[in-house]
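Here is a friendly tour of how the parts of one protein chain pack together. Have the 3D view ready as you read.

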Amino acid sequence: MIKSIVSGGLVLAAALTCATQAAETPEQSGARMAWFNSAKFGLFIHWGVYSQAGGEWKGTTNHAEWLQLTAKIPIAEYTELAKQFNPVKFNADEWAQIASDAGMKYLVLTSKHHDGFAMFDSPSNPYNIMKVTPFGRDPVKELAAACAKHGLKFCVYYSLGRDWHDPDVPTGSPGNARFPPGSRSNLVDYPDESRKDFAKYFERKVKPQVRELLTQYGPIGILWFDTPEKITKAQSAELLALIRGLQPDCIVNARIGNKLGDYGTPEQEIPSGKSTQAWETCMTLNGHWGYNSHDANWKTTATLLRNLIDIVSKGGNYLLNVGPTGAGVIPPESVERLREIGAWLKINGESLYGAGMTPFGPELGKFDAAKKNKKTGKPEFVPGEEWRCTTKAGGLYIHLFKWPAGRFDVSGVKGTVKKAYLLADPDRTALKVKQTGAEVSVELPAKAPDAIASVLCLECGD
Ligand code: H79
């Protein structure tokens, strides 16, 4: 039996009743953010020259998209690798189909990662896929078209504060023990960190390339910047103004720097609690962003799906990553997991798309003072393993991770439960409900309809 005690105060503070929950909070409701807030699930694609090496370099095997830095490769040698990059198996339509079949609503491609190599036709800078590789095709153009065809929002990642090809990109700060000056810079080709002038790189490369991305490919859903590093407040503001001027509907993540941008981006982690500010967790399917042929550390479909549900119940989006090979193939282990998530979403998706966060809270988990977080030294957050809740006007969706014996009990429900049923039941047969005030008990069949997460819908009225 699962019993959640939700204090009346907490529920009142959230000002939500089972009948009137809004799918969006005021902070999220900007017109620009509407599609993002209901989309919930997107595909991140880390693909570039580094994919060609498959994580391997001269006997070491733990590389990925950071290859140039982690293997200390000079630009001249990295350019040779780029000359071998010929992804003849790349098929934009297939990639968009994989995302769409997974139930994803948007796709974010690395248009330029820290290596500085543009994966698009960039008239302003010859270090790009059209000029350097034998491939001679523009993946950004092809993916933009494929996404439009499949109804996906097409978005681009752009590494802002790191670029290992341009000579003027300083990183780190004096006095920062973890990231001293030069700690994320190309010191192989450009050893003199003191002479690097971010403004030169910003004018010469960032502004022209951002303009290209926003004028050559139709509507861009999100400009997903990474690593603001040394960008000044004035430069972040100027860049944002440039984007707003060209495509006012383009969402910009907070990594444009200096507290600007539309939403926050926790990386490889899920926040412990819910937030009314828009946010998106990005995460790898195994242990690397870029393709690494040695990495078999795949997350299970159960973990991935429960992550998605957990995130949506806290008001966020899930941006899940694949690292295609140098030939242009998304690893089958990734495709298999995405397909399984998609099959679940086909049946249960109405509980997530366009849904609001949980009106409860204690089911999310609790901080355990006996366990200390390695990074912060603070009590570790231990996620709840039993259920999560999402909301829509007129109802609650309870996602049961552990199937309770006989019945599901919950406290703190506002309004009256009119009908309860399982989303996996095509007939939506009414389950027996007992309600005493805010206490609700639903009789369940003996067996869970889904081994990973079964969704119990509670239709509510006043
Ligand atoms: O694009 C992905 C990462 O490459 C990028 N952001 C995501 C979306 C990123 N840049 N910096 N970081 C992430 C944080 C630093 C990661 C590191 Fe490492 C982990 C530095 C050292 C350990 C992995 C291993 C990357 C380089 C060596």
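A crossing of two helices counts as right-handed if the near helix is turned clockwise from the far one by less than a right angle, and as left-handed if anticlockwise. By that rule, the crossing of H8 and H9 is right-handed. Please keep in mind that this is a predicted model.

**Two domains**

- The domain assignment of the protein chain gives domain 1 as 12-351 and domain 2 as 362-461.
- On the side of domain 1, 23 residues are in contact with 27 residues of domain 2.
- Between them, the two domains bury about 2200 Å², and 60% of this area is on carbon and sulfur atoms.

**Helices H8 and H9**

- Helix H8 spans residues 198-215 and helix H9 spans residues 233-246; their axes come within 10 Å and cross at roughly 20°.
- Because angles under 35 degrees count as roughly parallel, H8 is roughly parallel to H9.
- H8 brings Phe-198, Ala-199, Phe-202, Glu-203, Val-206, Lys-207, Val-210, Arg-211, Leu-214 and Thr-215 to the contact, while H9 brings Gln-235, Glu-238, Leu-239, Leu-242, Ile-243 and Leu-246.
- Sorted by class, the contact of H8 with H9 has ten nonpolar, two polar and four charged residues.

**Helices H5 and H7**

- Helix H5 (residues 92-101) packs on helix H7 (residues 139-150) at an angle of about 45°, and their axes are 8 Å apart.
- That angle makes H5 oblique to H7.
- The H5 and H7 crossing is right-handed.
- On H5 the contact is made by Ala-92, Asp-93, Trp-95, Ala-96, Gln-97 and Ser-100, and on H7 by Glu-142, Leu-143, Ala-146, Cys-147, Lys-149 and His-150.
- In this contact of H5 with H7, six residues are nonpolar, three are polar and three are charged.

**Helices H10 and H11**

- Helix H10 (residues 301-313) and helix H11 (residues 332-348) pack with their axes 10 Å apart, at an angle of about 50°.
- H10 is therefore oblique to H11.
- Which hand does the crossing of H10 and H11 have, left or right? The crossing of these two helices is right-handed.
- Thr-301, Leu-304, Leu-305, Leu-308 and Ile-309 of H10 meet Arg-337, Glu-340, Ile-341, Trp-344 and Leu-345 of H11.
- The contact of H10 with H11 is made up of seven nonpolar residues, one polar residue and two charged residues.

How values were computed. Residues are numbered from 1 along each chain as its sequence is written. This is a predicted model: local features need pLDDT of at least 70, side-chain atom pairs count only at pLDDT 80 or more; totals for chains, interfaces and linings use all residues. Side-chain values use heavy atoms; hydrogens and water are left out. Axes are lines fitted to C-alpha atoms, for helices over the stretch in contact, and angles run from 0 to 180 degrees between N-to-C directions. Helices (H or I, at least four residues) and strands (E, at least two) are DSSP runs, numbered from the N terminus. Angles under 35 degrees count as roughly parallel, over 145 as roughly antiparallel, 65 to 115 as roughly perpendicular and the rest as oblique. Contact means heavy atoms within 4.5 Å. Ala, Val, Leu, Ile, Met, Phe, Trp, Tyr, Cys and Pro count as nonpolar, Asp, Glu, Lys and Arg as charged, and the others, Gly among them, as polar. Domain bounds come from an automatic or database domain assignment. Buried area is the accessible area (1.4 Å probe) that two parts lose on being put together, summed over both.
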